[in-house]
Protein chains: 2
Amino acid sequence: MKRIIVGQSGGPTAVINSSIVGVYQKAKELGIEKVYGMVYGIEGFLDENIIDLDDYLADDNNIELLKRTPSAFLGSCRYKLPPFAEAKEVYKKIFKILEKNDIDGFFYIGGNDSMDTVKMLSDYAKENNKKQVFMGIPKTIDNDLSITDHCPGYGSAAKYIATSIKEIIRDNASFGVKKPTVCIVEIMGRHAGWLTAAAALAKDDTCEGVDAIYLPEIPFDIDKFVKKIEKLATEKKSIVIAVSEGIVNKDGNFICEIGAGEKKVDAFGHKQLSGCAKTLADIIASKTGLKTRAIELSTLQRSATHIASLTDIEEAINVGAVAVEGANNGKTGMMVVMEREKTKNYKINYQLYDIHSIANVERKVPREWICTKHNKMKDPFLKYVTPLIKGELIPIYKDGTPVHLVRK
Amino acid sequence: MKRIIVGQSGGPTAVINSSIVGVYQKAKELGIEKVYGMVYGIEGFLDENIIDLDDYLADDNNIELLKRTPSAFLGSCRYKLPPFAEAKEVYKKIFKILEKNDIDGFFYIGGNDSMDTVKMLSDYAKENNKKQVFMGIPKTIDNDLSITDHCPGYGSAAKYIATSIKEIIRDNASFGVKKPTVCIVEIMGRHAGWLTAAAALAKDDTCEGVDAIYLPEIPFDIDKFVKKIEKLATEKKSIVIAVSEGIVNKDGNFICEIGAGEKKVDAFGHKQLSGCAKTLADIIASKTGLKTRAIELSTLQRSATHIASLTDIEEAINVGAVAVEGANNGKTGMMVVMEREKTKNYKINYQLYDIHSIANVERKVPREWICTKHNKMKDPFLKYVTPLIKGELIPIYKDGTPVHLVRK
């Protein structure tokens, strides 16, 4: 390979930029001449919105800043490539731009949809005898890519969630009120509960942990939930619950959409989606009279690089580097997967895997890791997740806030 | 003084526990024999819920942990002492407990309401020739205590807000969408806009900052707001707005309560308070068709000790120490105030001030620091706030999350 391009796609993570670092550094090590970045993913690429990464990353200080910069440095997109049959001109345009710029390696950092893009492009290249190689670099806070042990971005989100919930638990316990206070924390993850499950990490010697965890993998029963809170309220003063934004009832309807069985309508007559924590807090307040509070961790879950996991950052760098190494050895149509060694100490081996087995497949939290009786996570999950949040990379502060690297 | 007691009251902050450290360390330095803590403030004190701080703080490691522990280590309360005339028995009980335990110094860490407690108790002591002294130690994220330059707790909240908004701005700018995305961030402060104003700190060389800031000090005009967003949407793709939870319209009604002029009602027929960010996001989505997102920074603003300001921690320690020093010199009925030197370099002098001038007085953001034309903060505010967020005290991590000190 002589000239390569890297892009970012889908929802950002706290470490998505570390994978650019991995791609860039490995390319330089291998003597690759040019490393381009596509601005706003494949969508920007189609507009030939391309930058030369040397303009930013030739400076080692900027590499250190990029590792500490949240969100997609290059800009991201949610563009899904249409099938060949429907839009041959799109494929032709992509390869024309690649050829025009003499680019022979294409690296795409993303989740499920982005791996579909890599699959389509590598299939097209094979069918049409194109020389370019296409590689997928895993990234998603949702941790729902198949085959790989976990996904870069998840560990940092899990660390942020665990840290924030520990702080929320302390805060919620601060008043010695006679009436218990119920705090419901809403965590991202529309279909898979990996992020919400990470709330279990708040429990340790100095923290009692959350009182219950509700994942989208298990149908949510509002009546049982109210009973659970009523029981907890007889036992303790501070109750903290973690719920996934994606919890659904037995009929498959999102709790955030149903309220207490009726559709909510705002002042304009539009259906109002409050978020399920707010919905559940309203239900609890109304049915039990307890004091409630709803907290949505929101986009900070995916962008709080100031408390990113060092393990996650290093792994995000590694998956980028391994993709470049593989492509340089002629591989294409593959994604880097992480395989955990079955040894006592946590160790990851990096492999390449056929993208056809990965694209569009969603991995959920195994049912056997969820204790449905007590709404808790079982030990195998804790064993799985704990190594992923370890270590810190202290931000570079200027005048009291972390500094980031930003495109000009 | 031979035996003293310290309590915490009102909403917690990220550094409220550092003031306990200041009280404890200065007391030990002065040879004071016992430092008690009241559990759950004056409310717990009335139940004689008292602990010996030696049980925790004789160990220096625990002192370091306490500086890094969010929320009120001793527990807090929102109990407001009734006037003498109405409840003499309460005052008699308090002094009986003090006398029984031979306590001659009473230190109360809190905001406006808590300073009222100090005032009432010191007045009662004087009128009844009691020997005990009563001192107020300022604490509030709201920064609304009068006389003092600022309040411990504010700097750390401001640092969390600035850091989080920088991350939110990066996240919001990540997509190269054709349609602008409007992100509305709701910040605490029911009557004073100090915290929301701190959103201005997000702007620096690497961050464009927020596009507008709305404080409760200035009447909020929904039509003007919609027009402002419409104009911004013609100029840029990512729009981030900071609003105080306490913004009110010209008639003095909270925006979060009025929605678009009508009261919102939830599925149970109860008036629903969504938070003003959600209300404004719904209005913008409905009136402009733009994509919107509402984020409430919630209680993390006051409890995110993992990114507390070192300046704030040190000042919180100092106000505790100065209170003990003053009381040891016979002072009573006073609060520690911070006076900023009019020199080039930031420097704080600590003074004692008559509590009667402080209790129940609310300080707002000066109008001349607010640019109402562009909804921005002016330079004098930035000059005021910047030193308060400087410095960090790195958390003590175990297995990837910060460790706290917790009462047994």
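**Figure 1. Pairing of strand 6 and strand 9 in the parallel sheet of chain B.** Within strand 9 of chain B, Thr292(B) is the bridge partner of Val182(B). The view is taken from a predicted model. Strand 6 (residues 181-187) of chain B and strand 9 of chain B are joined by six bridges and pair in the parallel sense. Helix 11 (residues 276-288) of chain B packs on the sheet, where it touches strand 6, strand 8 (238-244) and strand 9 of chain B. The direction of this helix makes about 175 degrees with that of strand 9 of chain B. The open sheet consists of four strands in the order 7-8-6-9 (chain B), with parallel pairing. Strand 7 and strand 9 (291-296) of chain B are the edge strands, each pairing on one side only. From one strand to the next, the twist averages 20 degrees.

Figure 2. Ile218(B) lies in the loop between strand 7 (212-214) and helix 9 (222-235) of chain B. With 17 other C-beta atoms within 10 Å, Ile218(B) is partly exposed; a buried residue would have 20 or more such neighbours, and an exposed one 12 or fewer. When residues up to four places away in sequence are not counted, Ile218(B) touches Ile370(B) and Thr372(B). The C-alpha atoms of Ile218(B) and Val248(B) are 8.0 Å apart in space, while the two residues are 30 residues apart in sequence.

**Figure 3. The open four-stranded sheet of chain A.** Four strands of chain A form an open sheet in the order 7-8-6-9, with parallel pairing. Its edge strands, strand 7 (212-214) and strand 9 of chain A, each pair on one side only. Neighbouring strands are turned against each other by 20 degrees on average, direction ignored. Six bridges connect strand 6 (residues 181-187) of chain A with strand 9 of chain A in the parallel sense. In strand 9 of chain A, Arg293(A) is the bridge partner of Cys183(A). Helix 11 of chain A lies across strand 6, strand 8 (238-244) and strand 9 of chain A, and runs at about 175 degrees to strand 9 of chain A.

**Figure 4. Crossing of helix 9 and helix 11 in chain A.** Two packed helices are described by the angle between their axes and the distance between the axes. The axes of helix 9 (residues 222-235) and helix 11 of chain A cross at roughly 65 degrees and come within 11 Å. The crossing of helix 9 of chain A past helix 11 of chain A is right-handed. On the side of helix 9 of chain A, the contact is made by Ile222(A), Phe225(A), Val226(A), Ile229(A), Glu230(A) and Ala233(A). These residues meet Leu280(A), Ile283(A), Ile284(A), Lys287(A) and Thr288(A) in helix 11 of chain A. By class, the contact comprises eight nonpolar, one polar and two charged residues.

Figure 5. Strand 1 (residues 3-8) of chain A pairs with strand 4 of chain A in the parallel sense over five bridges. Here Gly105(A) is the bridge partner of Ile4(A). Strand 4 of chain A is also joined by six bridges to strand 5 (residues 133-138) of chain A, and the two run parallel. Gly110(A) stands opposite Pro138(A) in strand 5 of chain A.

**Figure 6. The side of chain A that touches chain B.** Contacts between the chains involve 66 residues of chain A and 66 residues of chain B. Among the elements of chain A that each supply at least two residues to this side are helix 2 (41-46), helix 11 (276-288), strand 9 (291-296) and helix 12 (300-303). Helix 7 of chain A gives the most, with nine residues. The residues on this side of chain A divide into 24 nonpolar, 25 polar and 17 charged.

Notes. Residues numbered from 1 in each chain as written. Chains lettered and ligands numbered in written order. Predicted model: local features only at pLDDT ≥ 70, side-chain atom pairs only at ≥ 80, totals over all residues. Contact = placed C-beta atoms within 7 Å. Nonpolar A, V, L, I, M, F, W, Y, C, P; charged D, E, K, R; others polar. Axes fitted to C-alpha atoms, helices over the stretch in contact; angles between N-to-C directions. Left-handed = near helix turned anticlockwise from the far one by under 90°. Pairing = 2+ DSSP bridges.
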